[in-house]
Amino acid sequence: MHPALPYLMHPKQLIQSLSLSLALTVSSMAFAAGANPIIVGQSIDLSGPNADIGRDYVAGIKTCFDMVNASGGIGGRKIQYVVHDDRGQASLAAEAATELLDRGQADVLMGGVGDASMDAVLNTNAFRRSGLVLFAPLAAADHVRDARVMYWRPSYRQELRHIFSHFGKLGMKEVGIVFQDTASNQEAYKNLAVEVRDHGMKLTGIVRIGIQGAQAEQIRKEAEKLAASRPGFVLVVADTIGTALFLREYRKLDRQTFVAGTSLTNLTTLRELAGPQAVEWTVFSQVVPNPNAGTSLLQVEHMNMMRKYRDESLSALTLEGFVAAKALVKVLRNSRRGPRNALQELAAQEGEIDLGGMTITTGANSNRLSSYLDIALFKKGSSLMF
């Protein structure tokens, strides 16, 4: 993928995306002839600005569903997983959701990357008519409680607080901000000023990255100003490509200062685009444990099933997709009123569900299943440590 063209895919990646879509379609067709499958539909970015996130996430979800189907499904019913590519555009997410609900008769609807696509789906007539609760694993806004949405991951505010706390414990009180002005980043950016204030930090400078990667010269100039302000650490709120573009320029000027980012970054792609030296001493919040460590049943299961069913490498995003899907499977299995009502039932129940190394919390006072947060660090030599 050429960094100056973030919305175009490398031919190899295009083939992989088409192969994935074909595999999902074939899988769906295979179950279509069976008796009464549980249809899980999802609209997600597979070829747009966050395609590297979407493809890994879908790989993890499908691995979990393949595992479940191989063991007989849920109450004897197979899961039919149907995925549409919304290319990271909210309008296409709304169109895809409408098709999945009205034509695909989805029993469960999953959302895509970010809050803009989630909001677009919630506002469609098809979703309003469906009576479903949207399972939004990759949205993280600090919304007031909405009975129509079930979140998986911690909020942006929680992630930012975790990052600021990490550096505050190291005695760092000055921060530089790098912000890419996109719809998916707006919610995180709104919380930045609050966290800077609450943690007693001093803001040394702000770099704004354009949506298109062709603005490398502008990034270079802004990076020079930020490096001259000597921040204790730099916090980046941008997609994977924008983060890579900034790092390539900033590391020419400052190789020692920690640069931090959020979990909505594909770390494998980041290392490939920015280069191994540029990612040294970068820190990223994570919403799942180390995918390459076999310290829990969940991590081992993910490792083994990815090797069995997929060609993709393990990543935090494949693990997160796997875990989100496993949580959904648990909810469907526990439902007394069937898959279309499973998430409504979950919201009304107080308790915890063990996933074999992570625990999801349910209850009437929250529609956010996980609050798990960790930190991943690229050390010298660009090896990743959790």
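**Figure 1. Glu 249 counts as buried, at 9% relative accessibility, and takes part in a salt bridge with Arg 220.** Here buried means under 20% relative accessible area, exposed means over 50%, and partly exposed covers the values in between, computed with a 1.4 Å probe on protein chains only. The structure is a predicted model in which local features need pLDDT of at least 70 and side-chain atom pairs count only at pLDDT 80 or more, while totals for chains, interfaces and linings use all residues. Residues are numbered from 1 along each chain as its sequence is written, and side-chain values use heavy atoms, with hydrogens and water left out. The N to O distance between the side chains of Arg 220 and Glu 249 is 3.0 Å, a salt bridge being a side-chain nitrogen of Lys or Arg within 4 Å of a carboxyl oxygen of Asp or Glu. This pair links distant parts of the chain, with Arg 220 in helix 8 (residues 216–228) and Glu 249 in helix 9, 29 residues apart; helices (H or I, at least four residues) and strands (E, at least two) are DSSP runs numbered from the N terminus.

**Figure 2. Arg 153 forms salt bridges with Glu 159 and with Glu 320.** The closest N and O atoms of Arg 153 and Glu 159 are 3.1 Å apart, and for Arg 153 and Glu 320 the N to O distance is 2.9 Å. Arg 153 lies in the loop between strand 5 (149–151) and helix 6, whereas Glu 320 belongs to helix 12 (residues 316–334), so this pair ties together parts that are 167 residues apart in sequence. Arg 153 is buried, with a relative accessible area of 0%, Glu 159 is buried at 2%, and Glu 320 is buried as well. A search of the whole structure finds 13 salt bridges.

**Figure 3. Arg 251 is buried yet has no salt bridge.** The residue is placed in the loop between helix 9 (240–250) and strand 9 (258–261). The nearest side chain of opposite charge, that of Asp 254, is 4.7 Å away, where Lys and Arg count as positive and Asp and Glu as negative, and His and the chain ends are not counted. A polar atom of the Arg 251 side chain lies 2.7 Å from the backbone oxygen of Thr 257. When residues up to four places away in sequence are not counted, Arg 251 touches Gln 256, Thr 257, Val 259, Ala 278, Glu 280, Trp 281 and Thr 282, contact meaning heavy atoms within 4.5 Å.

**Figure 4. Phe 164, Phe 167, Phe 233, Phe 258 and Trp 281 are linked into a cluster by ring pairs.** Rings of Phe, Tyr and Trp (its six-membered ring) pair if their centres lie within 6.5 Å, and planes under 30 degrees apart count as stacked, over 60 as edge-to-face and the rest as tilted. The structure holds seven aromatic pairs. In one of them, the rings of Phe 65 and Tyr 81 have centres 5.3 Å apart and planes at 80 degrees, so that pair is edge-to-face. The pair links distant parts of the chain, Phe 65 being in helix 2 (residues 51–70) and Tyr 81 in strand 2 (residues 79–85), 16 residues apart, and both residues are buried. Within the cluster, Phe 164 and Phe 233 form an edge-to-face pair, with 6.0 Å from centre to centre and 75 degrees between the planes. Here too distant parts of the chain are linked, from Phe 164 in helix 6 (residues 156–168) to Phe 233 in strand 8 (residues 233–237), 69 residues apart. Phe 164 is buried, with a relative accessible area of 0%, and Phe 233 likewise counts as buried at 0%.

How values were computed:
A polar contact is a pair of N or O atoms within 3.5 Å; within protein, one must be able to donate a hydrogen and the other to accept it, and residues adjacent in sequence count only if both atoms are side-chain atoms.
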